[in-house]
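Colleague: Could you walk me through a few parts of this structure?
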Amino acid sequence: MSAPDVMTSGAPLAVPPAAGPSGVALLGVRHHGPGSARAVRAALDAYRPGTVLIEGPPEADPLVGLAAEDGMRPPVALLAHVLDDPARAAFWPFAEFSPEWVAIRWAAGHGVPVTFIDLPAAHSLALRTTPDEQDEPPGEGSPDDGSPDDGSSDGDEAVQALRIDPLAVLAETAGYDDPERWWEDAVEHRSSSGADPLAPFAALAEAMGALRELYGDGGHADDPAREAHMRLRIRDARRTHDRVAVVCGAWHVPALARPVTATADRQLLRGLPKVKVEMTWVPWTHRRLSRHSGYGAGIDSPGWYGHLFGARDRPVTRWMTKVAGLLRAEDLPVSSAHVIEAVRLADTLAAMRGRPLAGLSETTDAIRAVMCDGSDVPLALIRDRLVVGDVLGEVPDSAPAVPLARDLTREQRRLRLKPEALERELELDLRKETDAGRSRLLHRLRLQGIDWGEQVRSRAGTGTFRESWRLRWEPELAIRVAEAGVWGTTLLSAATAKAEEGAVHAAALADVTALAERCLVAGLPDALPVVMRVLADRAALETDVGHLAQALPALVRSARYGDVRGTDSAALHKVAEGLAERVCIGLPPACVGLDADGAAEMRGHAEAAHRAIGLLQADGLLDRWAVMLRGIAERDGAIPGLLRGSATRLLTDDGRLDEEAAARLMALALSPGTPSAEAAAWLEGFLAGGGMLLIHDERLLALVDSWLAAVPTAAFNDVLPLLRRTFGEFESGVRRTVGELVRRGGSAGRSAAAAGEAVPGFGAGFDEERVAAALPVLRLLLGHTDEGLADDAGRSDRSGTTGSGTTGSGTTGSDTTGSGTTGSGTTGENG
C-alpha cells in the first residue's frame, strides 16, 4: 500500500474546526475505506457544513450532480484525458464505500454544494510526459492517494524506496506486523456509537502531523503544489460559507491546517504546464479497485470491504452465508451447519488473537477448515468472486462522452450485448442477423485496438458460420474508445478510416492481406477498395516468394468465405489467383540453396500455400501446383531434403502420387549415397503429416527401418534428434503401432520387402493362434457358442475381410500391444 492513500486513516477520523482554519473541518480519510466512509457520514451529520470540498480534479465540478441520478451505480471513476492525446489520461475511482463518494451523496441529499479542490487535471496530465509503462492501464491513479500519476518517478525504484507508508508506520508503532490487520482492528471493527464523530479525525490528524514532521512529503514531490491549490480553494470557500467540510487524504491534513499565505501558495503554482482536457464518468470494477490488478491506490479486498460497509449487523454471519451460497452454486456440499460452525470458529479465532471482531483472515481460516476441508482450491474461487468480486458500475446516459462511445453504447443495446466485468464466452451463428451484427461489432472494435472480445476456437463446431468469443469489459477500454475517436464519430466510420490508414502504412504484404480479411469480417465495404489497391500494388512489387506465400492464406480465406457474411469478394478472388500463380512459378527457385532454418521456414509457407490453393479452386491452378510440387519432389540435392520430403507427402495425401511412386522417391532419398542428415531431413518433411502412411504401407515402413539400421555409427548421433522430433509428433497410438510392426518385422521383414514378399505381420491369412486366443472373450461379449464363433471365424477367414473388424479390435490376444491398434484398420490378415 502506498504512501498518501494508505496514510489516510479511515474511520471516525475527523478534525474539529479547531484543528484547522476557523470554520473548517478537515476530515482526513483513507481512500476506499469503509470505516472512513462511515466516519465521514457521521461527521457530516453532526457538523452540517454549508459546502463540502473533496480531494479531486476541479474539472469534475460540472459532473458531480450526476452522482445523484438513478442510473449512477458505483464503482465508477472520473476519467480525464488530454484532448489531442487521449492516451494521456487519469482515473479517480469511487466505490460505494469510498469516503469521497459518501460525502458526494450526503451533499446531494442535503442540497449542499460540492467542489473538487485538488490540482487540476490540466496541470497533472501536463506533467506526465510519457504514458505509464507499468502493468496498470494508462493514467490510473498514483500509488498513494488516488491522484493521477505524473509519470515522473513512479518507475524509479530508488525513489519508491524513499516513499513511506504511513499506515505501516502507525501499525508498527502499535505493535502490528500487518498494516491491513491493524487498520481493521483500529478502524473497521471499532464502533463509534455514542462518541464525538469529529474526535477521531482530530486524533488521526495529530498522528499524521507527527509523521509529516519526521518524513516531510514522504517522497511525493508533487504534494506541495497539490496542497497549495487545496489551501487556496479552502480560502475561497471560507469567504462564502461559515462551515466548510474538507474530505481529503489524512496525509494532507497537517499541510492544509498549517498557516500559509495565499501569496506563497500562488507563487508555488505559478508556471505549471497546462493542457486541454475532457472529463467524464466511466464504469469501474471491484477488480480494478484491488491492488493486485495493477491499481496502486487500491485495496486488497474490495468485495470484503463492500460487505462490511453494507452489512448493518452480524457482518461475519452474513459473509459466511454468502460464501456458502457460492460454494453450493459450484456443487460443493455446504450446509447450514457448516455456516454456524464457521461463524463460531471465526469468533473463537478472533478472541484468541485478541481482535475486537473476526476479520478477513479469521473468516478465511474458518472457511478453509470447515467448508473447504482444509483445501485452498475453493478459497481461490471465494477470493476471486467474493473477496475481490466482479461488480461493474453503471453510468447514466446523461454523462458526457465522445461520439464514438455513444455509438458503441447504442450498438451494445441494439445487439443486446451488455458489458460485463465477469469473463464469459459467446457463441455466434453468423446465419442469424443479430449474431452477425455482434460479430461485426467485435471485429470493428478489435480493428481499432479495443479488445473487449477475444476470438477463440469454437466448441460448437468448425463451420465457417460459427464464431466463439471470450468477452470481458475492462475500465481502461474507455480510454481506448476515446483514442479511437480521432478516426470517426461512429464505429463504422472509425474502423473504415483505421483500416485505410493501416493498409497504407503496413510494413509487409502479409499485413495487408490480413487487413483485407479483417475488413471483410468487420463489414467494412468502403475500406476494401483502398486495401485492395494497396494489396495489388504491394503484390506486384513483391519479389520475395516467402512473403507472397505468407500473404496468400489470409487472402484466400477472405475470398473463399466472404459470401458467408454477405460481402462481395470477387476482387479478392482475382488478386488471390494472381498471387497464387506467382507463388507457383517462384517457389522452386526460391527453395534452392536454403540452409536448415530457411528450409523450415519455407516449408511452413509452402504447406500453408498448398492448403490455400486447395480452397481457392481456380481453374487449372491446382494441377499446375501439383506439377510444381512434383518437380520439387524429384529434384536433386540442390533443394533441401526437408522440402523434397514435404512435397512428396503433399502429393501423396492429395492422391496425385501413388504408393509405387512414393516408395520410389523414399528409396532414392534413403539410399546409401544420400548423407544421413539429408535423408533424415527428407524423412522429417515426409512424415510431418502423420505416421499413418507407415502403418498402411509396409514397404515404406520397411524402407525406413532398413535405412535406419544402416545409418553409420558416426552419423547416428547427428540423425537421432531429427528422428526423435519427427516421430515425437506422432500420436501415441501411431507410435506404439509403428514400434510393434518394426519389432515383428525385424531383419526378416526387411529381406522380404527387398524380395517383394509379404512382411511378417502382413500375411495373406489370419494368425490362427491369435484368433483362438480371442474367441473366449468374444463369446462372453456376444453371447455366442464356441461352435458359432468357430463358424464365424471360418467365414471371416474365407472372406478375408470380416474377421479383421471383429478380432483386430480386441486386446486379449497373444500379442496385445499391436493387435488392438493396427489389425482392424489396415489389412484383413492381421487379426
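Here are some questions and answers on its helices and strands.

Modeller: This is a predicted model, where local features need pLDDT of at least 70, side-chain atom pairs count only at pLDDT 80 or more, and totals for chains, interfaces and linings use all residues. Residues are numbered from 1 along each chain as its sequence is written, and side-chain values use heavy atoms, without hydrogens and water.

Colleague: Why is helix H13 largely enclosed by the rest of the structure?

Modeller: Buried means under 20% relative accessible area, with a 1.4 Å probe and protein chains only. Among the buried residues of H13 are Trp-304, Tyr-305 and Phe-309. Helix H13 covers residues 302-310 and is largely enclosed because the buried residues number 7 of the 9.

Colleague: Are H30 and H32 roughly parallel or antiparallel to each other?

Modeller: The axes, lines fitted to C-alpha atoms over the stretch in contact, come within 12 Å and cross at roughly 150° for H30 (residues 676-687) and H32 (residues 698-710). Angles over 145 degrees count as roughly antiparallel. H30 and H32 are therefore roughly antiparallel.

Colleague: Which residues in H32 do those of H30 meet?

Modeller: Contact means heavy atoms within 4.5 Å. From H30, Ser-676, Ala-679, Ala-680, Leu-683 and Phe-686 take part, and in H32 they meet Leu-700, Val-704 and Trp-707.

Colleague: Which residue in S7 is the bridge partner of Leu-78?

Modeller: Strand S7 (residues 277-283) is mostly covered, with 5 of its 7 residues buried. Strand S3 (residues 76-82) runs antiparallel to S7, joined by 7 bridges. In S7, Leu-78 has as its bridge partner Trp-281.

Definitions and conventions: Buried < 20%, exposed > 50% of the residue type's maximum accessible area, 1.4 Å probe, protein only. Helix = DSSP H or I, 4+ residues; strand = E, 2+ residues; numbered from the N terminus. Axes fitted to C-alpha atoms, helices over the stretch in contact; angles between N-to-C directions. Parallel < 35°, antiparallel > 145°, perpendicular 65-115°, else oblique. Pairing = 2+ DSSP bridges.
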